[in-house]
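This briefing concerns a ligand site and a helix pair. The structure is shown below for reference.

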Amino acid sequence: GRDPSGAWLPHATPQQLRGQVEENLRQLGRDHLDVVNLRIVGTDSLADRFGALAELRDAGLIRHLGLSNIHLHHLAEAQAIAPVVCVQNMYGIGASSEQEELLRQCGEQRVAFVPFYSIAGTRRTAGAPAEDSSGVQAFARARGVSPAQVRLAWTLHRGAHVLAIPGTGDVDHLAQNVAAGSLHLSQDEVDELASLRPDDVEG
Ligand SMILES: NC(=O)c1ccc[n+]([C@@H]2O[C@H](COP(=O)([O-])OP(=O)(O)OC[C@H]3O[C@@H](n4cnc5c(N)ncnc54)[C@H](OP(=O)(O)O)[C@@H]3O)[C@@H](O)[C@H]2O)c1
């Protein structure tokens, strides 16, 4: 939620979450939502909030539940309350060991892992760099593709359970991003990109 000035509100109470789901249903003109992600900020317990969404799932207003921006312990906490179908977290080349472990656990539990900022990386809302890091750029040049395509293809090679949600307002980039889905990387190439030093990754 945002306040009238557009600033993000602190996390919603269970009651506010119910209101937000009802408002989404009203605006979309639907009687249920296919997937609702609970987005977390910080390390606090999500039990009350996820429990409120689980009640809405039981009532038929939501089909499936997901999580976003979580730490490792949140997945187990949520799974004990209701099934989690997807986790949407920041992830890409240079991801932390915690995020690598979360991706692995999602694969093991057949939970879809949906990375955000897989192109922008640590630049976040500042978007893709005009010039990518030297490591990614050298790799892209050698393969005859763009750095953004390398970053996307790499995430998709981390497991069959990894989906991609790159953002773009540019039609050429959209075509390139779709094409990145067919870019094959060997295991050696996946490992090579995973081993880039942080200063070769951040751009
Ligand atoms: N759950 C969460 O907490 C959370 C947080 C952040 C974002 N998200 C979601 O994650 C998705 C992705 O986020 P995002 O769009 O901010 O980050 P992103 O996909 O990593 O990067 C988007 C940036 O990359 C550029 N770009 C895209 N394709 C490109 C290409 N082929 N070549 C060069 N540049 C390219 C875009 O600029 P152009 O427009 O010029 O292509 C934009 O600057 C969105 O759906 C967003 O809503 C979720």
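Which residue has a backbone N or O atom that lies 2.8 Å from an oxygen atom of the ligand? That residue is Gly167. The model is predicted, so to speak of local features requires pLDDT of at least 70, side-chain atom pairs count only at pLDDT 80 or more, and totals for chains, interfaces and linings use all residues. Residues are numbered from 1 along each chain as its sequence is written, and side-chain values use heavy atoms, with hydrogens and water left out.

**Ligand site**

- The ligand is surrounded by 20 residues (a heavy atom within 4 Å), and the closest are Arg39, Ser68, Ala120, Thr168 and His173.
- In the side chain of Arg39, an N or O atom is 2.6 Å from a ligand oxygen atom.
- A polar backbone atom of Ala120 is 2.8 Å from an oxygen atom of the ligand.
- On its own the ligand has 910 Å² of accessible area (Shrake-Rupley method, 1.4 Å probe), of which the protein covers 71%.
- The shell comprises eight nonpolar, ten polar and two charged residues, with Gly counted as polar.
- Helix 7 supplies the largest share of this shell, three residues.

**Helix 6 and helix 7**

- Helix 6 (residues 147-156) and helix 7 (residues 171-180), both DSSP runs (H or I, at least four residues), have axes, fitted to C-alpha atoms over the stretch in contact, that come within 8 Å and cross at roughly 35° (on a scale from 0 to 180 degrees between N-to-C directions).
- Gln149, Leu152 and Ala153 of helix 6 make the contact (heavy atoms within 4.5 Å) with Gln176, Asn177, Ala179 and Ala180 of helix 7.
- By class, this contact has four nonpolar, three polar and no charged residues.

Note on methods: Helices (H or I, at least four residues) and strands (E, at least two) are DSSP runs, numbered from the N terminus. A polar contact is a pair of N or O atoms within 3.5 Å; within protein, one must be able to donate a hydrogen and the other to accept it, and residues adjacent in sequence count only if both atoms are side-chain atoms.
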